[in-house]
Amino acid sequence: MRLVAVAATESVLETVNAVYVSESRRVLATLIRLLGDFDAAEEALHDAFRAALEQWPRDGVPSNPRSWLVSAGRFKAIDGLRRQKRFDPLDEAGAAADIAVEPEVWSGDESVEDDRLRLIFTCCHPALAADAQVALTLREVCGLRTEEIANAFLTPAPTLAQRIVRAKTKIRDAKIPYQVPAREELAERLDTVLRVIYLVFNEGYAASSGSTVTRRDLSGEAIRLGRLLVDLLPEPEAMGLLALMLLHDSRRAARTSADGDVVLLDDQDRSLWDRQQIAEGLRLVRQALSSQQFGAYTIQAAIAAVHADAREASATDWGEIVGLYDVLLRLNPSPVVELNRAVAVAMRDGPEAGLALVDAILARGDLGDYRLAHAARAELCRRLGRTGDARASFERALTLTRQEPERRLLERRLAELSK
Amino acid sequence: MKYLCLVYLESGKLHAVADRECLACGDGLRKSGMLLAAEPLYPVETATTVRVRNGAVSVTDGPFAETKEQLAGFYLIDARDLNEAIQVAAKIPPAREGSVEVRPVRELNP
């Protein structure tokens, strides 16, 4: 009899864990709206799960765990407020008023999904510092612990914790509203959200410093966030960004060798590319492009899609890629985009044509400190047999890189020049 | 919620926006019921800084720090939240010449 009870309890515990993984962020998002405060909501969330651990083994798992948790969390928070006020007799009237003025009661799935979107837009509010937007999004929307975020960003945990505290203080004191922006503001505000997601992805995909090229967890989180956003708000550029991340991430297994060295696109074993991610990415790019309201992320995804379509490097449609870079340059003029276009032109028309474009960018005074500009120049000079120029540019790129595997790649290329 | 919108301009741009336009902006905000007060200021050269140290009043010329942009005026507004305050700040004419700092007003604890 007792054994049965223990087994039952264990399976309930597993259920509570599973519910935590699938529902805790939704419950938190709704509690923030109901309680109007991030810290109070986080505490209420923990209280709600503590109550679930006590009551579910005894009373059974409720038919709608999410709404049970929201109600429990809200009850605990209000109860806590009441108790706190009791020790503070001066505020008795205020406490009664606080509880009487209850926000609209939780109702249905639709408002829960709205709450998740509210949470995303609040964490990515442009009035918050950029690094705080990232930290807050990973913590509140993705549920990462402060230490995990600190490790991923190679930032001391206290610094990161302080960033989060400051952001929450600003949300409260400056009264940043918990809402999805109005239609006329949406495009601009969505840009900030997309930038935060892409930043998280890139930090995971190509860490700007440190010894590993890929920090999978962050890229995975960014893709999860991108999927969530597309689910909640199927805007073309949100689809474009998700497609871009999926297509880049599909090459993950092929990007590094067994010893952790960088493998360039041309040399990658394309059978290692994740075909399922590619298929999903291609579907999303097509959908975004057909909307006619796409932006820079969609175009970049379309470029990645051309690469993904080529079964081998030599089959790449470079003409199509140059054309897409032309569109991207019109949409988003920048020397880095120009550099990428120059590399594509070199692939289409030969290294001489590409080098002329790269040299023109550098001669203008742009990208002088950008390691990839010098690496690209070195590669083009090498192909033209201009070994001395290639060596000088590889050496310049080496002085600019902060990433260990990239350094090894450049050193390898330099050594190959002397052969 | 009250917000103080502080208008900052470079010295050379203190008169870049016509008074007429600023008056119109204030009138519009007043009509919407959001404006509590708004005033333009004379240039920073006319400022006097007052400090009290150990009970003694010290008076000095100007502000203590030289900055490129100076406080040129302010709007005290009543807005629903920061988003609404930002919308108002974006409509203050000198925002296109200099910048507007939006600061939430704190309640004093009795």
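Let us start with chain B of this predicted model, where 4 strands form an open sheet in the order S2-S5-S1-S6, with antiparallel pairing. Strands S2 (35-40) and S6 (99-104) of chain B stand at the edges with a single partner strand each, so one side of each is left without a neighbour in the sheet. From one strand to the next, the twist averages 20°. As a bit of background, strands of a sheet pair through backbone hydrogen bonds, and the pairing can be parallel or antiparallel.

Now walk across the sheet in that order. S2(B) is joined by 5 bridges to strand S5 of chain B, residues 69-78, and the two run antiparallel. To find this pairing in the picture, look for Ala38(B), which stands opposite Tyr75(B) in S5(B). Helix H1 of chain B, residues 19-31, packs on the sheet and touches S2 and S5 of chain B. The direction of H1(B) makes about 170° with that of S2(B).

The next step takes us from S5(B) to S1(B), which pair in the antiparallel sense over 9 bridges. Here Leu4(B) has Leu76(B) in S5(B) as its bridge partner. One pair to look for is Tyr3(B) with its bridge partner in S6(B), Pro104(B).

Which residues make up its covered face? They are Tyr3(B), Cys5(B), Val7(B) and Leu9(B). The uncovered face holds Lys2(B), Leu4(B), Leu6(B), Tyr8(B) and Glu10(B).

Chain B has another pair of strands to visit. Strand S3 of chain B, residues 48-53, and S4(B) pair in the antiparallel sense over 6 bridges. Arg53(B) stands opposite Ala56(B) in S4(B), and the two strands form a hairpin with 2 residues between them. Is strand S4(B) buried or in the open? Of the 6 residues of S4(B), residues 56-61, the number buried is 0, so this strand lies largely in the open.

The turn of this hairpin contains Asn54(B), in the loop between S3 and S4 of chain B. Its phi is near 50°, a positive value in a residue other than glycine. For background, most residues other than glycine have a negative phi. Asn54(B) counts as exposed, with 5 C-beta neighbours inside 10 Å.

Let us turn to chain A. Its secondary structure comes to 20 helices and 0 strands. Of its 419 residues, 35% count as buried. Among the contacts in chain A with a separation of 6 or more, 60% are accounted for by residues 24 or more positions apart.

H17(A) has 13 residues and reaches 18 Å from its first C-alpha to its last, close to the 18 Å expected at 1.5 Å a residue. The buried residues in H17(A) are Pro351(A), Gly354(A), Leu355(A), Leu357(A), Val358(A) and Ile361(A). Seen down the axis of H17(A), these buried residues fall within an arc of 160°, so they line one face of the helix.

What do the buried residues of H17(A) pack against? Their neighbours are helix H16 (335-349) and helix H18 (371-383) of chain A. On the other side of H17(A), Glu352(A), Ala360(A) and Ala363(A) are exposed.

Follow the chain onward, and just after H17(A) comes Gly365(A), which takes a positive phi of about 95°. In the loop between H17 and H18 of chain A you will also find Leu367(A). Leu367(A) has a phi near 60°, a positive value in a residue other than glycine. Is Leu367(A) buried or exposed? Leu367(A) is buried, with 20 other C-beta atoms within 10 Å.

Finally, see where the two chains meet. Here 6 residues of chain A are in contact with 5 residues of chain B. By class, the side of chain A that touches chain B has 4 nonpolar, no polar and 2 charged residues.

Notes. Residues numbered from 1 in each chain as written. Chains lettered and ligands numbered in written order. Predicted model: local features only at pLDDT ≥ 70, side-chain atom pairs only at ≥ 80, totals over all residues. Contact = placed C-beta atoms within 7 Å. Nonpolar A, V, L, I, M, F, W, Y, C, P; charged D, E, K, R; others polar. Pairing = 2+ DSSP bridges. Axes fitted to C-alpha atoms, helices over the stretch in contact; angles between N-to-C directions. Buried ≥ 20, exposed ≤ 12 C-beta atoms within 10 Å, placed from the backbone. Expected span 1.5 Å × (residues − 1). Arc of directions from axis to C-beta.
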